[in-house]
Amino acid sequence: MHIVVCVKQVPDSAEIKIDIETGTLIRAGVPSIINPYDHFALQKAIELKKAHKCKLTVISMGPPQAKSVVQLGLALGADDGILLSDRAFAGSDTWATSYIISKAIKKIGKIDIILCGMQAIDGDTAQVGPGIAQHLAMPQVTFCEDIKIDSKKIIVRKLIDDGYEIIEAKSPALFTMIMPKDFEPRYPAFLDIHNSLEKPYHQWSMCDIGAQEQYIGLKGSPTQVDRIYPPPKREKAEMISGGVSEAVEKIVDIFEKENFLKI
Amino acid sequence: MITVLNKCIGCGKCVPVCPFAAVQMIDKRAVINEACTLCGACVQVCPVDAIIIEREDPIHKDFSAYKGVWVFIELEHIHKKGKAAGTTIQPAAKKIRKVAYELLSEGRKLADTLNEELCAIVLTDKNTGYEKEIGAYGADKVYLVENSELEEYNTDVFSTVLVALINRHKPGIFLYPATIMGRDLAPRVAASIYVGLTADCTALSIKDGLLLQSRPAFGGNIMADILSPNSRPQMATVRPNVMKLSEPLGKAAVVIKEDIKIDKSIKRVKVIERKIVHDKLSAKIENSDVIVSGGRGMKDINKFKVLEQLASSLDGMVGASRGAVDMGFKEKSRQVGQSGTTVSPKLYVACGISGAVQHIVGMKSSDIIIAINKDPNAPIFNVAKYGIVGDVHEIVPKLIKAINKRVNSR
């Protein structure tokens, strides 16, 4: 079996602050990390690889510095790594991104399982995984918490609104993973990082994967960003003054006026 | 292509606004590196218009045949009551999810602006008079596909049917709920027919005849307006509990039965078990009209519990900020905000919540927000309608007493 796991490098959103005065992002010194959902997908893929002796390829798309998330995948146990990087990819929306990644996966050859994080924390779209599946005409199961291989079948646990479903799929298929609450990301030991430098690593361009220029980058993206702006400010609250007892009575007046009190 | 022209004055305004840290100042000139996604944030702030993004001329396609606003109607199973937690349940019947009415209410406004029809798309094994409820929220038509293969949601089947309907009727706009189902389905359809899809929108409007889709990014730290000018339909998933419901009307939508053959063999995955976790705790916070939420300011889990009494005296439910959930005051299912649930109750009482952006994006569309916080500069007061500066541990118990006194005196 051959598993491909798709990972993305993202700015650590927990570190992003907003400048109250200008309403802009303060990006200085914000570290880049592997998207946490992808980290979970990667660890699940490594578990499957160990249990079933699969081949594991880690793939990412991004600027040259995104090599670090591919190398993290290699150091944690992937067999080979691919970075899709080309100036022509810049400005790709979710449609173009899923097209590019699907072209790269086609180039890899016969694939049995594709794992993605359910979404990236910088865009929150959850659209690239299903897009890849569609471009490759593969079935998909999104928002999975767990994945197992049972002889020829793939069994996943998918989150639904008020519980979960156990779903059976045959390979090849794509799954997007949502991390459970108790997920603890693992990081490689120094020796693993050192050894991973010997593993096969490729950087592929538009030409390498045979992507058509009209479907990639800004030009190939059906969505366009019209404007980026800080969230709108609101009017300040009407402050209720006076002592505590007085303020409390005023709130109860509001509750009464708006019919929130039980009859 | 993004280019910095020679007229760049090196003012540096474009550096901090870049969400991707792709702009650097080198020799008093902006230089854009490979991390650039061409989002245009820098273009907007440049005082001398020195940064330009060139997009090749769109091929002028004729979209005049694409008309109408479509809404995908998500149905949910009604489960039999009284089942113990964790048991497998056979669904009893289906009903329309509330988010479908929100989308219809919003879709009606868009359709009126464009002077076009609002159409609802229903895929089901059995129509149980959905056209009445759908018409009540403004739809003119229901395109109904009734087929036994549509009893359960299946990505392959639903996306195939929708692509067939789109090709047949050519809608201008197609809205989906940003739910587990909608977010599985819409990107599949978009990839298949090569159209733009904007995820998780919180506002929609019409700009020059195009659908302007607004959505938060970076955990709600910035907003982006998105257009899909060169493909039809213009598709978006819309976050539940953000759009306001319209007043129901007394009219039914016209049902148009669509004959679409569904080959069983296109189903490639199989649900072998479904477990519904049914207990008191699973009552959904997004459906509550009144929410009393607590933050870190509640100090500890025991002090947090006073909020249960306040919520109960207002017939509401208790929510929590991420901070309070992280500290174990309340379970994750009650977390309000970006990484929790978005809510828009009639009343939201925020107790000891400072109001991080991530929290505010999840509750700001509540009708009335009342905030209690000891810090007069807490950002929560920027979204609240009423604010009280004071000690939440003193105010909340007094508030509960005052409510009870008032109720009893009536």
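Visitor: Which residues of α11(B) does α8(A) meet?
Guide: In this predicted model, the α8(A) side of the contact consists of Val244(A), Ser245(A), Val248(A), Glu249(A), Ile251(A), Val252(A), Phe255(A) and Glu256(A). By class, the contact has nine nonpolar, one polar and five charged residues.

Visitor: Are α8(A) and α11(B) oblique or roughly perpendicular to each other?
Guide: Helix α8 (residues 244–257) of chain A and helix α11 (residues 392–408) of chain B have axes 9 Å apart and pack at an angle of about 50°. The crossing is right-handed. Roughly perpendicular requires 65 to 115 degrees, and the two helices are therefore oblique.

Visitor: Is Asp315(B) buried or exposed?
Guide: Asp315(B), also not a glycine, has a positive phi of about 60° and sits in the loop between α8 (306–313) and β19 (317–320) of chain B. With 12 other C-beta atoms within 10 Å, Asp315(B) is exposed.

Visitor: What is the omega of the cis peptide bond from Arg232(B) to Pro233(B)?
Guide: Pro233(B) is in the loop between β14 (222–227) and β15 (234–238) of chain B. The bond from Arg232(B) to Pro233(B) is cis, with omega near -5°.

Technical notes. Residues are numbered from 1 along each chain as its sequence is written. Chains are lettered from A and ligands numbered from 1 in the order in which they are written. This is a predicted model: local features need pLDDT of at least 70, side-chain atom pairs count only at pLDDT 80 or more; totals for chains, interfaces and linings use all residues. Axes are lines fitted to C-alpha atoms, for helices over the stretch in contact, and angles run from 0 to 180 degrees between N-to-C directions. Helices (H or I, at least four residues) and strands (E, at least two) are DSSP runs, numbered from the N terminus. Angles under 35 degrees count as roughly parallel, over 145 as roughly antiparallel, 65 to 115 as roughly perpendicular and the rest as oblique. A crossing is left-handed if the near helix is turned anticlockwise from the far one by less than a right angle, and right-handed if clockwise. Two residues are in contact if their C-beta atoms, placed from the backbone, lie within 7 Å. Ala, Val, Leu, Ile, Met, Phe, Trp, Tyr, Cys and Pro count as nonpolar, Asp, Glu, Lys and Arg as charged, and the others, Gly among them, as polar. A residue is buried if 20 or more other C-beta atoms lie within 10 Å of its own, exposed if 12 or fewer, and partly exposed in between; C-beta atoms are placed from the backbone.
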